[in-house]
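Trainee: I would like to learn how to read the packing and strand pairing of a model. Could we work through one example together?

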Amino acid sequence: MNPKISAITVCRNAAELIEATMLSVLNQKYDNIEYIIIDGASTDGTQDIVNKYYDRIAYFVSEPDKGIYDAMNKGLSHATGEWVNFMNAGDIFADDMVLADMFVNPINERIKVVGGNTNIVHKDRVEILYSAVYDVRHQLPFCHQSCFTRNYGWKYETAFKIAADYKVFYDILEQYGIEAFKAYDRVVANYRMEDSTTFQNLRKAKREYLTIQSVHKDWYWWKEYIKYILHRV
């Protein structure tokens with residue numbers, strides 16, 4: 001039997017985006033999906049859209065949360081699948097064969113994360129972000145929309161506001177080595193790039209990355225730290 005996949009969507013006031021995301025999950029040509037939706041007490045009609053598909057959803061709650069990673073942890077606490085994917089509101093699987101293609105063959109127990117490439121969708125263009133499994137210590141190997149992490153009890157550290165997903169991958173690298181990551185050369189998801197990304201947001205993200213990577217203060221860390229101090233990132 002195909003392994004159970006827990007697909008989790010977290011959202012808040014996403015009435016314009018949530019249905020496309022939901023359908024990209026529910027229309028997968030795969031017979032063992034558990035769909036979980038964690039809504040942050042939306043007031044714009046998001047709940048009404050979710051309720052249209054209520055009989056196909058394993059768990060749904062709408063209540064206040066303490067931020068995106070708190071909401072994602074709520075989803076994890078209800079996930080019973082062998083693998084977990086986060087497909088948040090506004091993002092979609094690239095096509096309806098993603099899960100069937102990714103899990104057609106058994107995956108070795110030593111592998112903790114599998115993923116692929118991502119279409120980064122801007123207002124005026126689409127670019128492909130390729131997986132970077134070869135360099136997990138220095139960068140995010142996959143967008144979380146495009147990867148599946150084995151469900152072995154991990155949680156996001158909510159002290160990180162931007163890079164908690166990277167912290168999970170970094171910890172897996174430290175505990176299990178690079179052999180715990182497997183990349184597929186296929187586009188897994190379309191990620192909708194927000195136009196509101198600012199220099200200050202980039203600096204906050206970089207600060208969190210540097211904090212996580214400070215376990216190994218190699219030449220790369222010092223180079224990036226100096227750039228950060230000099231306000232070049």
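Predicted model: local features only at pLDDT ≥ 70, side-chain atom pairs only at ≥ 80, totals over all residues.

Trainee: Which residues have the most contacts inside the largest nonpolar core?

Mentor: The general idea is that in soluble globular proteins nonpolar side chains tend to be buried together. Here the largest nonpolar core has 32 residues, and those with the most contacts inside it are Ile 8, Phe 86, Val 113, Tyr 156 and Phe 181. Strands S1, S2 and S4 together with helices H3, H5 and H6 (199-213) each supply at least two residues of this core, and H5 gives the most to it, with seven residues. Apart from this core lies another, of 30 residues, among them Ala 7, Ile 57, Phe 93 and Val 98.

Trainee: What is Phe 86 in contact with, leaving aside its neighbours within four places in sequence?

Mentor: With those neighbours left aside, Phe 86 is in contact with Ile 8, Met 72, Leu 76, His 144, Gln 145, Trp 154 and Tyr 156. Met 72 and Leu 76 are among the buried residues of helix H3 (residues 68-78), which also include Tyr 69, Ala 71 and Lys 74. What covers the buried residues of H3 includes strand S1 (5-11), strand S2 (33-39), strand S4 (83-86) and helix H5 (164-176).

Trainee: How should I read burial along a helix such as H7, and which of its residues are buried?

Mentor: In H7 (residues 219-229) the buried residues are Tyr 220, Trp 221, Glu 224 and Tyr 228. Seen down the axis, these buried residues fall within an arc of 95°, so they line one face of the helix. H7 is followed by His 231, whose phi is positive, near 60°.

Trainee: Do strands S5 and S6 run parallel or antiparallel to S9?

Mentor: Strand S5 (residues 92-93) runs antiparallel to strand S9 (residues 181-192) and is joined to it by two bridges, with Asn 190 of S9 as the bridge partner of Ile 92. Strand S6 (residues 113-121), by contrast, runs parallel to S9, and eight bridges join the two; the bridge partner of Ile 120 in S9 is Tyr 191.

Trainee: Is Ser 131 buried or exposed?

Mentor: Ser 131 lies in the loop between strand S7 (126-129) and strand S8 (147-150). Its relative accessible area is 18%, and because buried means under 20%, Ser 131 is buried. Leaving aside its neighbours within four places in sequence, Ser 131 is in contact with Gly 116, Asn 117, Pro 141, Phe 142 and Ala 183.

Definitions and conventions
Residues numbered from 1 in each chain as written. Heavy atoms only, no water. Buried < 20%, exposed > 50% of the residue type's maximum accessible area, 1.4 Å probe, protein only. Helix = DSSP H or I, 4+ residues; strand = E, 2+ residues; numbered from the N terminus. Arc of directions from axis to C-beta. Pairing = 2+ DSSP bridges. Contact = heavy atoms within 4.5 Å. Core = buried A, V, L, I, M, F, W, Y, C linked by side-chain atoms within 4.5 Å.
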